[in-house]
Amino acid sequence: MAMELELGLALPSVNFPSKGLGLDLNGEASPMIAAVPKKKRSVADAFAGDNTTDTATLPLFVWDFADDGNNNKSAYSCSLEAFCDLLISDDDNGGSRSTAPVGWPPVKPARLKAAGGTRYVKVKMEGVAIGRKVDLSLHRSYATLLDAVDRLFTRNHHVEAAGDLTLGEDGASLPTSHFRTFTYQDVDGDWMLLGDVPWETFVKSAKRLKIHSSKE
Amino acid sequence: MLFLFQISPAQSAPPFFASSTRFPPPAAALRPLHLAPFFAGASSKGSGVTAAASKLPITEVPELSSLLLFVRFPGGVCEGFDFGGGSDVGGGVGEWGVEGADLGLLWKDFCDPAAWIFRGRRIADSAGVWGLDGSDDFYEERGIIVLRLGEDRSLRRTFMAAKRKKEMTEEARSPEGRLSPFPDEVLEHVLAFVKSHKDRSAVSLVCKEWFNAERWSRIRVFIGNCYSVSPEILVRRFPNIRSVTLKGKPRFSDFNLVPANWGADIHAWLVTFASTYPFLEELRLKRMTITDESLDFLARSFPGFKALSLVSCDGFSTNGLASIASSCRNLAELDIQENGIEDLGGSWLSCFPEHFNSLEVLNFANLTTEVSFDALERLVARCKSLRVLKVNKNVTLEQLQKLLVRAPKLTELGTGSFSQELAPRLYAEVENAFSNCRDLHTLSGLWEVSSLYLPAIYPACVSLTFLNLSYAVLLSTDLAKLLPNCPLLRRLWVLDTVEDKGLEAVGSSCRLLEELRVFPADPFDQEIVLDEVGGVTESGFIAVSEGCHNLRYVLYFCRQMTNAAVATVVRNCPNFTHFRLCIMSPHQADYVTDDPMDEAFGSVVKTCTKLQRLAVSGLLTDKTFEYIGTYAKNLETLSVAFAGSSDRGMQYVLEGCPKLRKLEIRDCPFGNAALLAGLERYESMRSLWMSACRVTINACRLLAREMPRLNVEVIKEDESDDTNAEKVYVYRSVAGPRRDAPPFVLTL
């Protein structure tokens with residue numbers, strides 16, 4: 001069931017090695033032993049609600065859920081991320097940053113703090129499963145950024161070009177055929193309209209972008 | 001490592017130089033060295049020490065005091081030449097003559113007595129005496145380091161006196177007796193040149209005299225686990241220590257697996273040192289807790305204090321640094337790295353007194369608040385011996401240029417932020433400053449570097465051997481343009497933003513590369529994104545291995561890997577000593593075949609016979625550990641996470657890896673049987689860490705009971721479950737159980 005959905009929307013890519021993971025609800029999976037710490041729930045608990053962690057059949061997916069306190073659960077398993085996106089509404093819960101096991105991957109905190117200078121931000125377009133990434137440091141103004149983003153999606157996702165993209169006062173683009181609203185999430189977690197603040201401020205504070213499209 | 005000490009009173013040879021692993025160039029050809037007959041009974045010619053002697057473990061011959069000459073030939077074969085020391089030890093090896101006051105003394109790396117082959121062989125045979133002929137190159141090729149101790153008249157006199165005494169008493173000596181070949185002072189003097197900790201440990205095992213000579217002459221001590229020994233035991237054995245290196249918490253504390261206030265507090269040590277080592281000069285701590293009070297105490301207690309290095313420590317603030325700066329008049333080194341430091345502001349740097357000028361090493365790269373640039377500039381200007389300077393992010397390019405102008409002789413530089421908007425003239429000045437740094441061998445920092453300004457460092461890269469770009473967000477094009485400027489590079493650290501293409505550039509430009517570390521720019525990003533994504537794959541790994549055949553150390557964070565790729569990598573680079581592969585999603589299989597990654601690590605341990613350190617990841621069954629136990633015979637450190645199928649996995653390793661010293665495991669299905677399989681092993685290891693495994697507290701209690709010289713500790717934060725041992729830390733100790741354990745640490 002899940003497989004079909006996934007195939008339908010996913011791009012053929014090596015990032016989707018789902019075929020070998022034993023996605024068989026009933027039978028055995030490949031020899032993967034989920035070392036599931038006691039406090040964490042398997043996906044079976046989350047979705048089916050009736051599996052325990054020590055059944056003879058292995059859990060559907062091998063992953064751990066971490067409850068980050070806000071009842072936001074999403075898988076950290078990279079290989080099943082897209083599938084998970086389909087199961088869980090894309091409600092911009094801050095991505096999967098908060099759900100990795102403690103201390104994993106093993107990167108020292110000092111390194112994490114310092115490398116926070118990366119200017120890569122994720123860009124998600126509503127209705128498109130695959131996110132893109134742009135490097136803000138390569139751009140000097142909103143204009144070039146929007147242009148690049150537009151090209152990213154139209155080139156790869158067969159999304160219609162938005163035509164002339166300029167920001168209106170309300171942050172919405174003024175295309176000829178589609179409205180697109182560009183928003184970004186800042187360091188405080190708030191979603192703002194693109195264009196409200198000067199470019200330099202935006203670059204420093206933007207964590208991710210989201211493009212909402214709504215037909216006229 | 002072998003040392004040949006030649007006391008050459010009549011030479012114009014330079015005064016002694018410190019031992020090093022790099023053979024120093026000879027000042028003059030070595031004269032034929034005739035070795036003194038300090039050793040009684042050195043009379044027979046021929047093949048030297050007999051096989052009988054080789055069967056005696058050296059420590060079982062308590063009064064053995066002969067000096068044994070070993071030559072380690074390329075290929076590792078050791079041949080022994082006995083200088084004598086009792087004909088019954090081995091029949092002597094020939095006549096030794098003395099010329100002037102020459103004396104030869106050699107050691108071998110004593111770590112493995114079983115490897116000693118007592119088979120004498122003449123290196124040169126001139127006039128029927130054993131001699132060492134030829135130039136220093138001759139010996140260098142054969143693994144002998146030649147040190148000249150230079151003129152030391154008192155030592156000469158001592159030797160001559162000892163020789164005369166020995167000659168007089170030779171007849172009186174019983175055939176069974178053995179004379180000490182050296183007066184103690186001589187031995188101590190010579191032992192000062194033995195610096196490696198392993199060699200010194202081995203020297204101390206030879207006999208009682210050597211034990212004493214070693215302990216009196218030792219000035220440096222390294223303690224890999226602060227709880228393995230107590231301050232009292234340390235000072236009792238070694239009275240003259242000037243440099244202490246201590247490591248505290250288990251390594252997984254770097255990743256937040258050890259709760260705060262666990263221990264490893266330095267203060268008790270400092271108090272003991274203050275009374276017994278008033279001349280303490282150096283303190284190097286890793287993963288220890290040190291408070292501002294302790295830093296203040298340190299600064300006031302040791303007037304000759306010279307070097308403080310704190311790596312991954314916690315418990316202090318910049319106020320503590322201020323104490324050091326203001327009170328340590330002779331400070332030469334202040335190295336503060338990656339610590340959990342409370343940064344209250346940069347005024348500590350201004351606490352160095354105006355006349356203070358002895359600094360040689362200053363590293364505050366990981367501090368976050370701004371120091372007074374004025375104070376920094378003046379400090380750099382007056383410390384003429386400064387050779388290592390690593391500033392923090394707040395220092396701008398323009399400021400850096402001013403510092404470089406003042407310190408062109410730097411050998412290690414950590415820049416500040418590299419992103420300032422620079423007018424062209426200023427940029428030219430920066431470039432100029434870098435081009436004057438001809439001695440630079442290490443470069444780091446480069447925060448927020450932009451492609452525009454990176455070329456400014458090119459002129460300084462010509463002699464770089466270590467380039468740390470792990471804080472610089474670079475793209476593959478940046479790296480490809482930078483690397484050809486660094487032809488001598490041996491160590492490279494990068495972020496995975498350079499992607500596989502960047503690693504291809506590494507493979508083609510860095511032929512001498514020995515160490516590569518690729519860090520993830522966005523370790524928690526698990527969403528699948530395409531394009532512009534950053535991240536390296538198996539292709540990049542292969543590309544590096546194809547160009548850099550000298551690779552011996554790799555740390556590689558990636559999101560996908562295949563067994564075939566790893567097999568290719570180690571086929572290209574079989575000399576790995578450190579192989580740390582982190583596939584960032586736990587339990588991730590080979591993404592092409594969907595097999596477990598067992599064969600990958602199998603190929604690593606089968607091919608890389610010199611492997612000392614291994615970190616595994618990905619989907620792994622017990623097979624991986626069977627491979628490790630079967631093949632990784634030189635393995636000393638193993639890190640395991642989210643791997644294995646059963647207790648057998650861990651058992652394979654404990655049974656099969658004789659040199660294992662550190663084993664750290666998290667989130668694996670290893671239980672009590674696995675833990676207890678290592679009962680006999682843990683005393684020969686430094687430590688074992690197991691967290692989120694399947695071990696119970698009762699099993700830990702059993703282990704503690706059976707092995708009283710182990711400290712078995714369980715960290716327990718979850719009150720609800722009484723049987724589960726969440727985190728287990730086992731280590732050998734001569735100091736008994738900890739007395740400073742916090743409530744959440746059960747000492748069993």
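Where in chain B is the place of Thr415(B)? Thr415(B) sits in the loop that runs between strand 17 (412-414) and helix 14 (424-435) of chain B. The model in which this residue is placed is a predicted one. Thr415(B) counts as buried because its relative accessibility is 0%, whereas the cut-off for burial is under 20%. Its side chain has a polar atom that lies 2.6 Å from the backbone nitrogen of Leu446(B). Leu446(B) also belongs to the set of residues that Thr415(B) touches once residues up to four places away in sequence are set aside.

Before other parts of the model are considered, its confidence scores deserve attention. The ipTM is 0.75 and the pTM is 0.70. For chain B the average pLDDT is 77, and 72% of the residues score at least 70.

The overall make-up of chain B can now be described. Chain B contains 23 helices and 31 strands. Of its 748 residues, 59% count as buried. Among contacts in chain B with a separation of 6 or more, 73% are between residues 24 or more positions apart. The accessible surface of chain B amounts to about 28,600 Å², and carbon and sulfur atoms contribute 52% of that surface.

The interior comes next. In soluble globular proteins, nonpolar side chains tend to be buried together. In this model, the largest nonpolar core has 184 residues. Which of these residues touch the most other members? They are Leu376(B), Phe579(B), Leu614(B) and Ile628(B). Leaving aside neighbours within four places in sequence, Leu376(B) is in contact with Leu349(B), Leu362(B), Phe364(B), Val371(B), Val391(B), Val395(B) and Leu403(B). Another core, of 21 residues, lies apart from the largest one and includes Val128(A), Leu152(A), Leu209(A) and Ile211(A).

Individual secondary-structure elements of chain B show how burial is arranged. Strand 11 (residues 307-311) is mostly covered, with five of its five residues buried. Ala307(B), Ser309(B) and Val311(B) are on one side of strand 11, Leu308(B) and Leu310(B) are on the other, and both faces are covered. Strand 11 pairs with strand 10 (residues 282-286) of chain B in the parallel sense, over five bridges. Within this pairing, Leu310(B) in strand 11 is the bridge partner of Leu285(B).

Helix 18 (residues 563-572) of chain B has as its buried residues Asn563(B), Ala565(B), Val566(B), Thr568(B), Val569(B) and Val570(B). Against which elements do the buried residues of helix 18 of chain B pack? They pack against helix 17, strand 24 and helix 19 of chain B. Helix 17 spans residues 538-547 and contains Ser539(B). Ser539(B) counts as partly exposed because its relative accessibility is 38%. Between Ser539(B) and Thr624(B), the separation is 85 residues in sequence and 23 Å in space, C-alpha to C-alpha.

Some details of backbone geometry complete the account. Most residues other than glycine have a negative phi, and most peptide bonds are trans. His587(B), by contrast, has a positive phi, near 60°. This residue is placed in the loop between strand 24 (578-583) and helix 19 (598-607) of chain B. His587(B) counts as buried because its relative accessibility is 7%. Ala264(B) also has a positive phi near 60°, and its place is in the loop between strand 9 (243-247) and helix 9 (267-276) of chain B. With a relative accessible area of 1%, Ala264(B) is therefore buried. In chain A, a cis peptide bond joins Trp104(A) and Pro105(A), with omega at about -5°. Pro105(A) is found in the loop between helix 3 (81-87) and helix 4 (109-115) of chain A.

Methods
Residues are numbered from 1 along each chain as its sequence is written. Chains are lettered from A and ligands numbered from 1 in the order in which they are written. This is a predicted model: local features need pLDDT of at least 70, side-chain atom pairs count only at pLDDT 80 or more; totals for chains, interfaces and linings use all residues. Side-chain values use heavy atoms; hydrogens and water are left out. Helices (H or I, at least four residues) and strands (E, at least two) are DSSP runs, numbered from the N terminus. Buried means under 20% relative accessible area, exposed over 50%, partly exposed in between (1.4 Å probe, protein chains only). A polar contact is a pair of N or O atoms within 3.5 Å; within protein, one must be able to donate a hydrogen and the other to accept it, and residues adjacent in sequence count only if both atoms are side-chain atoms. Contact means heavy atoms within 4.5 Å. pLDDT is the predictor's confidence in each residue, from 0 to 100. A nonpolar core is a set of buried Ala, Val, Leu, Ile, Met, Phe, Trp, Tyr and Cys residues joined through side-chain atoms within 4.5 Å. Accessible areas come from the Shrake-Rupley method with a 1.4 Å probe; for residues, only the protein chains shown count as cover. Two strands pair if DSSP finds at least two bridges between them.
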